[in-house]
Amino acid sequence: MYVPIHIAAVIVGLLALSGCSTFKIAYSFADNMVEDRAETYLDLSAEQRERLTQQATALIAWHRAEMLPKYASFFSAQADLATAGGWTRAQLATAIGRFRTLIEHTVKGAAPLIAEVLAEHTNPQKLAHLEARMAKNLAERRAEEAAKTRQASIDQGVKRRVDWVYRFTGPLTDAQIDIIRGYTESGSGTAMRWFENREHRQNALVAFLRTRPKKTEIAEFVSRIILRAHEVVDPDYHAILAARWAVREAMYYDILATINDEQRRKLITNLRGYAADMIELSRTKSPAL
């Protein structure tokens, strides 16, 4: 994943890194995570590293004030649905659609700050460094995936999904794990296609930056290549992404339809806990500010 998506992923993916009880702790390190991801790919001078720190701080401050209340509202609404008896298929589809909209708003809001960083990396030397680091990372990950057996890849995918659901519901039953395994197996076999799409997007980013675009143009391109990459490269991949979202929706609906009373109580508690933490964080200034 090239650098704009790496940066955006930090501020939309914190829930995947921590349980409810540690969300605030994980969030306190978000700006450092943004810096670390960027430094992995960018050739930074001392002055640029200092500006990166400032941009990372500004990015998380924006996310704290503008996005966390919206995420909190989303989690509270889902807790209300869980309390009322659960989701219909239509309600779950609406919830997933709303969550995707929140991600879109996050990316669009972060894009101008990401552009401030990338605008300093459009000369040939900086671009060569960025291109080499992205290519190296992609080659390493592609080799790791190619070395796995199909079963190992499936097992890894099952574990990742089980861990995600566990953060909300607590331990899953064997039947629920079987549901996850069934959907994971049905969707296996597209990993290498994902690497191909990623290479297309990386090449598009470098080609775009080579034109020495303005910051406003970089911000627009960042939003587009993250949210609507099919408009820029590899249009066939759009259907694959749509199919993946459909599989996720079906899988989560089947799991939620089987949760027991203890899991439901845990789910409601965690959803409300995330919402409360987000509201508290949104009202508290970062220590760095």
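1. Basis. Because the model is predicted, local features need pLDDT of at least 70 and side-chain atom pairs count only at pLDDT 80 or more, while totals for chains, interfaces and linings use all residues. Residues are numbered from 1 along each chain as its sequence is written, and side-chain values use heavy atoms, with hydrogens and water left out.

2. Fold. The protein has 12 helices and zero strands. Helices (H or I, at least four residues) and strands (E, at least two) are DSSP runs, numbered from the N terminus. Of the 289 residues, 42% count as buried; buried means under 20% relative accessible area, exposed over 50%, and partly exposed in between (1.4 Å probe, protein chains only). Among contacts (heavy atoms within 4.5 Å) with a separation of 6 or more, 82% come from residues 24 or more positions apart.

3. Aromatic pairs. The structure holds nine of them. Rings of Phe, Tyr and Trp (its six-membered ring) pair if their centres lie within 6.5 Å; planes under 30 degrees apart count as stacked, over 60 as edge-to-face and the rest as tilted. One of the pairs is Trp164 with Phe168, edge-to-face at 5.3 Å centre to centre and 65 degrees between the planes. Both residues lie in helix α7 (residues 150-169), four residues apart, about one turn of the helix. Trp164 counts as partly exposed because its relative accessibility is 25%, whereas Phe168, at 9%, is buried.

4. A further pair and a cluster. Trp194 and Phe195 are also edge-to-face, with 5.0 Å between centres and 75 degrees between planes. Trp194 and Phe195 are both buried. Ring pairs also join Trp164 and Phe168 to Tyr71, Phe74, Phe75, Phe99 and Tyr274 in a cluster.

5. Charge over a ring. Arg248 lies over the face of Trp245, 4.5 Å from the ring centre. The criterion is NZ of Lys or CZ of Arg within 6 Å of the ring centre and within 35 degrees of the ring normal.

6. Helices α6 and α9. The axes of α6 (residues 124-147) and α9 (residues 191-209) come within 11 Å and cross at roughly 180 degrees, so α6 is roughly antiparallel to α9. Axes are lines fitted to C-alpha atoms, for helices over the stretch in contact, and angles run from 0 to 180 degrees between N-to-C directions; angles under 35 degrees count as roughly parallel, over 145 as roughly antiparallel, 65 to 115 as roughly perpendicular and the rest as oblique. By class, this contact has 12 nonpolar, two polar and seven charged residues. Ala, Val, Leu, Ile, Met, Phe, Trp, Tyr, Cys and Pro count as nonpolar, Asp, Glu, Lys and Arg as charged, and the others, Gly among them, as polar. The α9 side includes Trp194 and Phe195, the pair from point 4.

7. Lys126. This residue lies in helix α6 and is buried, because its relative accessible area is 12%. Leaving out residues up to four places away in sequence, Lys126 touches Asp43, Leu44, Ser45, Gln48, Glu120 and His121.

8. Positive phi. Most residues other than glycine have a negative phi. Arg212, not a glycine, has a positive phi of about 55 degrees and is found in the loop between α9 and α10 (215-227). Asp234 has a positive phi of about 50 degrees, and is not a glycine either. Asp234 lies in the loop between α10 and α11 (237-256) and counts as buried because its relative accessibility is 14%.
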